[in-house]
Amino acid sequence: MANVISSFETHPDRYKHWSLTFDGDLARLEMNVDEDAGLAPGYELKLNSYDLGVDVELCDAVQRVRFEHPEVRTVIVRSGKERIFCAGANIFMLGLSNHAFKVNFCKYTNETRLSLEDASAHSGVKFLAACNGTASGGGYELALACDEILLVDDRSSAVSLPEVPLLGVLPGTGGLTRVTDKRKVRRDVADYFCTLAEGVRGKRAVDWRLVDASYKLSQFEEKVIVHARALADAQAPRTGTDALGVALTPLTVEVAADDSRTYRHVTLAVNHAARRAELTIRLPKTVGPTTPEAVRALGADYWPLAAFREFDDALLHLRVNLLSIGTIVLKTEGDLEVALGIDAVLEALKGDRFVSEVRHYVRRTLKRLDYTAKTLIALAGKGSAFAGTLLELAIAADRFFMLDDPDGGVKLATSSMNFGAYPMGNGLTRLQTRFLGSPQRIDECQARTGELLNTSEANALELVTFSPDELDWDDEVRVCLEERASLSPDGLTGMEANLRFAGPETMETKIFGRLTAWQNWIFQRPNAVGEFGALKTYGKPTAAKFQWERT
Amino acid sequence: MTSSMNYSEKIPNNVDLHQDKRLQRALEEWLPNYLEWWTSMGPESFQRDDVYLRTAVSVDRDGWAHFDYVKMPDYRWGIFLTPRDTRRTIHFGDNIGQPVWEQVPGEHRNTLRRLIVTQGDTEPASVEQQRLLGQVCPSLYDLRNLFQVNVEEGRHLWAMVYLLHSYFGRDGREEAEALLARRSGNPDSPRILGAFNAPIDDWLSFFCFTTFTDRDGKYQLRALAESGFDPLARTAQFMLTEEAHHMFVGQTGVQRILKRTAELMKTGDVRAQGGMPIDIIQRYVNLWYSLSLDLFGSEDSSNAAMFFGASLKGRDHEEDMAEHTALDLFYDMKKYDAKGKLSVDKVPLRRAMNEVLRDAYVDDCEKVVRSWNKALEAEGCDERIRLPVREFHRAQGVYAEICFTPDGRFLTAAEWNDRRDSFLPSEADRSYIKSLMYAVTKPGEFAHWISPPSRGIENQPGDFNYVKFNPGSIHHRE
């Protein structure tokens, strides 16, 4: 199958659908979707509706603001078109897409919306949705991901979540969840709002907390700046080195005919016949720079950023372009002491804005791994380096094999990064999630931070699933991988998504675990995608015909 | 690793044990436990005696049946597989045409392990069931045959343990240990299959067991000998060469009893003369045959369909079948409602694979019974042994819970209770048979209720000393 999208990399210079401009500490991110520049033929991106290509640019813009423009304290998100802010995901694109693509598309757009909130929460970058026209469906969901929503009061522009009445599906990019959990709209009001196809305008939208303010057309631009300034002024100004950006340079990757990808620090080796891929991260030979200046001088080449950008890119290709690959074998290569040394720098320099952004980037990438609907098996053999940040990969995995090496050569280690730097979507660290039933293990792991632990010590700390010795290793691993490959991909996706997220719910886990799970169910139902399903009949002369059984 | 251990000498094998570190390691842990199991759960009170036994030392024509005196704990339990045919392909099920698997396919690992463990569990179980039987042997010839069966069941356990050790990693080693930990009849840790949890403490039961229950084993092995997992197929093929002797012991054992009974019938009341009346023998046949039928599993079975579809377990003589996928074919299965009303269901053939195997088994059992009846006829006796219908006395499958007479007439539960003792051994039958059990340990002598065999093992003379009791043995005589 041809790739759905050839690259997840882009640059503002090449944006087709957005423009990103800067004015001091304000950035202006304007959506002006090119109708004819959809990723695939068969649909036009009218009314600022979007497909995956549009969202890749949005995601890129948010990353670049954080890394390249640290001076920015508020991003104004607005439309470059008249009377329409954004009409949401393109319905004709969804109608043409298979189920797997729809699911991955929604996951990616959800992660992008969350990245706006993540920048707001962790980097002092606030987002102002300046809805200079109607924001419907995914358009309003984009606005919901911002810190504030302004709606022009022109007696016609509205915010709406018309998915249920018009399409028979859900506002699945966080819409339902953010209305009640983030904006705290009363549930009966939300219920009414979500069945009101034409949406809500002006003052009522404000009264119902759907937007923060509504202004006449004549005042709108001026008020946008007032609100943007207020948001920005509440954030600490960036001074000194914190105001210096780091360019996100293009990744270097060689792509083989079999879709394997070789980056500088990451290799994705694809085995189509076995339906699995090996994803390996290689450590550098030395710890590298230890001062903020030296780290910044390396910029995008600084190993943790470079490696995890590559890792993130590989994950996206696995998800969207390599649908049949069911299992990811996670490996690490290098010197454990180097891994610990790098973590020590990440910890010591966390007050530096760039290093802090790197840590947040790693955190988001690890969450992307958690949300990847493929089996994750981590293998610690000889030469592996699951320490600190890299140990997170093993703890994120569904199963972790560690070779029981009689020479004691195979080791792992925890670092300070395992105890708070990289919380999961549920708000807990991976170790907290793992040890819900034995929280004392977390203290035990923490007490041994920085120690190289051999297999029996790692076993005693319950960090390992299986530890075959050399005689058993190949066969145990082979059988595990083969057995996994034989199980239902749907059963596995559901099972893994449930088992990975023990513990409390957050808005984020509700979006992935509840909203999208229901959406993915609805996407499979005849009432949405059957011959007379609402998604299929949308825009056609015939009305949807439903099967009326409630399940 | 004990470097001094010479594996090839101590453990005859054709699996390159001397260079298989993984297997050596596993066996090194398992072997002492096995020997401890054998001395505590194997034949009671004969472990120091020299027994004239057959040992397989290679898979060659000359090597698989090497006869000599040996003390049972010193028996050289070996590991033998029928040699590999590198051209062999999978010849049934969904994987037909592919090369056979030399390694366990990951997706079938748990299923295969279950199949092997279930088969393996019967081997030590029968040794445990028979452990007291030697003390009431009807002759040294029979005692030797019992021990031959026992050591070979031990070797068959080894064969299954070899598979577990070599192909199933740590799980396999744990299962191999568990095979030694379960105990026939132990309420806390019973053997897996019900029929292997009752002691066999009389020789009529033993001969029935080796005729009927070991014959189930033969058909299970035949089905596994077809497996797409080549090491299992080859292991089962070699086990079948030994299994034949067990059935020989059973079939000729019952036949020798019948011959003796027919002789006694000519001179008066069998019972009064200390023989085994033919109606009691018939009831033992009814019992063991029906218990053994249950071992094949349910007539209509999704597991059986899965085993066949996955190319793990085939049919008896699969190569003789016209078609090897068994898709779109049906089996006419007799079923009954609670009132005994018969209907015929079309069951998809794959789901009926247990019944297909049972059909082959039933045919084979009928041949055995014919040979017994010829023996009766040769003695001028008009009585005949008859196999009950397969619906009779079943606890598993579609005929469980419904009562039938041995000749297939429907009975209510009350009628069954009234007539049960005419179909199956009663307490009185059992205590009578047990009253006949006493040890005959002088070469050439036989218990009163059984005829001598027509010829000795390896054509040894009738008074051959098959078991030499050594000083210290409770059977030793100066």
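**Stop 1: between the chains**

Select Arg22(B) and Asp475(A): their side chains meet in a salt bridge, with N to O at 3.5 Å. A salt bridge here is a side-chain nitrogen of Lys or Arg within 4 Å of a carboxyl oxygen of Asp or Glu. This pair crosses between chains, from helix H2 (residues 21–41) of chain B, which holds Arg22(B), to helix H18 (residues 470–486) of chain A, which holds Asp475(A). Helices (H or I, at least four residues) and strands (E, at least two) are DSSP runs, numbered from the N terminus. Both Arg22(B) and Asp475(A) are buried; buried means under 20% relative accessible area, exposed over 50%, and partly exposed in between (1.4 Å probe, protein chains only).

Before moving on, note that this is a predicted model, in which local features need pLDDT of at least 70 and side-chain atom pairs count only at pLDDT 80 or more, while totals for chains, interfaces and linings use all residues. Residues are numbered from 1 along each chain as its sequence is written, chains are lettered from A and ligands numbered from 1 in the order in which they are written, and side-chain values use heavy atoms, with hydrogens and water left out.

Next, select Glu476(A) and Arg109(B). Their side chains form a salt bridge of 3.4 Å, N to O. The pair again runs between chains, from Glu476(A) in helix H18 of chain A to Arg109(B) in helix H3 (residues 109–129) of chain B. Glu476(A) counts as buried at 12% relative accessibility, and Arg109(B) counts as buried at 7%.

Then pick Arg173(B) and Asp472(A), whose side chains meet in a salt bridge at 2.5 Å, N to O. Which residues belong to the network of salt bridges? Select Asp469(A), Asp472(A), Asp475(A), Arg478(A), Glu482(A), Arg22(B), Arg25(B) and Arg173(B) to show the linked set.

Now show both chains whole. 11 residues of chain A are in contact (heavy atoms within 4.5 Å) with 16 residues of chain B. About 1100 Å² is buried between chain A and chain B, and carbon and sulfur atoms give 39% of this area. Buried area is the accessible area (1.4 Å probe) that two parts lose on being put together, summed over both. Between chain A and chain B the count is 6 salt bridges.

**Stop 2: a salt bridge within chain A**

Over all chains there are 94 salt bridges. For one within chain A, select Arg78(A) and Glu30(A), with the closest N and O atoms 3.5 Å apart. Arg78(A) lies in strand S4 (residues 74–79) and Glu30(A) in strand S2 (residues 26–31) of chain A, so the pair ties together parts that are 48 residues apart in sequence. Arg78(A) and Glu30(A) are both buried.

**Stop 3: aromatic rings**

The structure holds 55 aromatic pairs over all chains. Rings of Phe, Tyr and Trp (its six-membered ring) pair if their centres lie within 6.5 Å; planes under 30 degrees apart count as stacked, over 60 as edge-to-face and the rest as tilted.

Select Phe101(A) and Phe105(A), a stacked pair with 6.1 Å centre to centre and 15 degrees between the planes. Both lie in helix H3 (residues 99–123) of chain A, 4 residues apart, about one turn of the helix. Phe101(A) is buried, with a relative accessible area of 13%, and Phe105(A) counts as buried at 3%.

Go to Phe392(B) and Trp416(B). Their ring centres are 5.8 Å apart and the planes are at 55 degrees, so the pair is tilted. Phe392(B) is in the loop between helix H10 (353–378) and strand S5 (403–404) of chain B, and Trp416(B) is in helix H11 (residues 413–423) of chain B, 24 residues apart. Phe392(B) is buried at 0% relative accessible area, and Trp416(B) counts as buried at 12%.

For a cluster linked by ring pairs, select Trp30(B), Tyr34(B), Trp37(B), Trp38(B), Tyr75(B), Trp77(B) and Trp158(B).

**Stop 4: a loop of chain B**

Select His317(B), in the loop between helix H9 (302–309) and strand S3 (330–336) of chain B. Phi of His317(B) is near 50 degrees, a positive value in a residue other than glycine. Asp328(B) is found in the loop between H9 and S3 of chain B, and its phi is near 60 degrees, also positive. Most residues other than glycine have a negative phi. His317(B) counts as partly exposed at 33% relative accessibility, whereas Asp328(B) counts as exposed at 74%.
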